[in-house]
Amino acid sequence: MHVHFTDQYRSGSSLIHRLDPRIKVLSTLAFILTASLLPTGLWLHYALLLCAPLFVSGVAGLGPGYILKRSFIALPFALAAITLPFTVPGAPLATLPLFGGLTLSVEGTVRFLSIVLKSWISVQMAILLVATTPFPDLLWGLRALHIPRVLVSIVALMYRYIFVLADEAMRLARARAARSGMAAEGKAGGSIAWRGKVTGGMVGNLALRSFERSERIYDAMVARGYTGEIRHFAPPRLSPNDHTTAAVLFTFLALLLVTGFLFGG
C-alpha cells in the first residue's frame, strides 16, 4: 500500500505550505498551549481562537470544511470530562431523573463545554500542521528543535511500519478471498467458532509476517546509511515571511492570554 494513499499531507504552494517546519511546529504548540491555559467560560476568546485555524485553512487553500469534518474525531475523547457537570459544586442548572436524581451545576457545565471547545479547536490546528507539512519535513523540524533523536526515530519508524502492517493485512485478506469458496446465496464460512479460529490464525500470521518484513526493511535502511538521524538534502532557512508570520501569530496568542486572564480571572 503506497504511503500517498493514506497520507494526510495536501500539497500546495501557499504561504502556509512554504513556512519553515520549525515555525509551524512551534506555532502549533503555542496555539494548543494557549487554548489549554485560557480560563473557562470565555466564549468570545474561544470564537477568536477558532478563527485562527479557519483563516489558516483558507490561506492554505484547504477550505474550512476540511478541518471541521476531521476535527470531530476529538469529541469522543473530550467526553472523558462528562462527569464534570455532576461533580463540580455550584448553582444547580437541572436535575436528571437518573440514579435517584443527578444535579447539573452551572459551573460544571461551563467547565465541561470549555474543555470540549478547546480540545476541538486544538485538534484543528494539529490537523493543519499535518496537512500542510510533509512528514519528512515535520520530522526534520522536530529534530531541528532539539527533540531527542530516539523519540523522533520512534515516531518515524512507527509511521513507516503502519503502512507495512496495513500492506501485510491486505495481502492476507486477498489470499483468504482467493482461497475461499462462496455459496450461491453469497455466504461463506462456517460457525462463529470457526470464523474466530480463522481470524485468530490470520492475526498471528500477520504479526509474524510484519515482524519479518520490518526486519528486512530496517536492514535495507542500515545498508543505505541510516543512523537514526533524519537527513535533509537542503535544510530550509528562516525567511522574512517566517519571522513575520510567527510574530503575528504569537502576538495574537499573547493578546488572547493577557485579556483572558484579565477578564476571566
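A definition to begin with: patches are made of residues with over 30% relative accessible area and no salt bridge, where like charges are joined within 9 Å and nonpolar side chains (Val, Leu, Ile, Met, Phe, Trp, Tyr) within 5 Å. A salt bridge is a side-chain nitrogen of Lys or Arg within 4 Å of a carboxyl oxygen of Asp or Glu. Accessible areas come from Shrake-Rupley with a 1.4 Å probe, and for residues only the protein chains shown count as cover.

The model is predicted: local features need pLDDT of at least 70, side-chain atom pairs count only at pLDDT 80 or more, and totals for chains, interfaces and linings use all residues. Residues are numbered from 1 along each chain as its sequence is written, and side-chain values use heavy atoms, without hydrogens and water.

On the surface, Leu 15, Phe 55 and Val 59 form a nonpolar patch with about 270 Å² of accessible area together. Val 59 belongs to helix H3, residues 43–59; helices (H or I, at least four residues) and strands (E, at least two) are DSSP runs, numbered from the N terminus.

His 45 is also in helix H3. Is His 45 buried or exposed? It counts as buried, because its relative accessibility is 9% and buried means under 20%, exposed over 50%, partly exposed in between (1.4 Å probe, protein chains only). Leaving out residues up to four places away in sequence, His 45 touches Leu 38, Leu 256, Thr 259 and Gly 260, a contact being heavy atoms within 4.5 Å.

Overall, 32% of the 265 residues count as buried.
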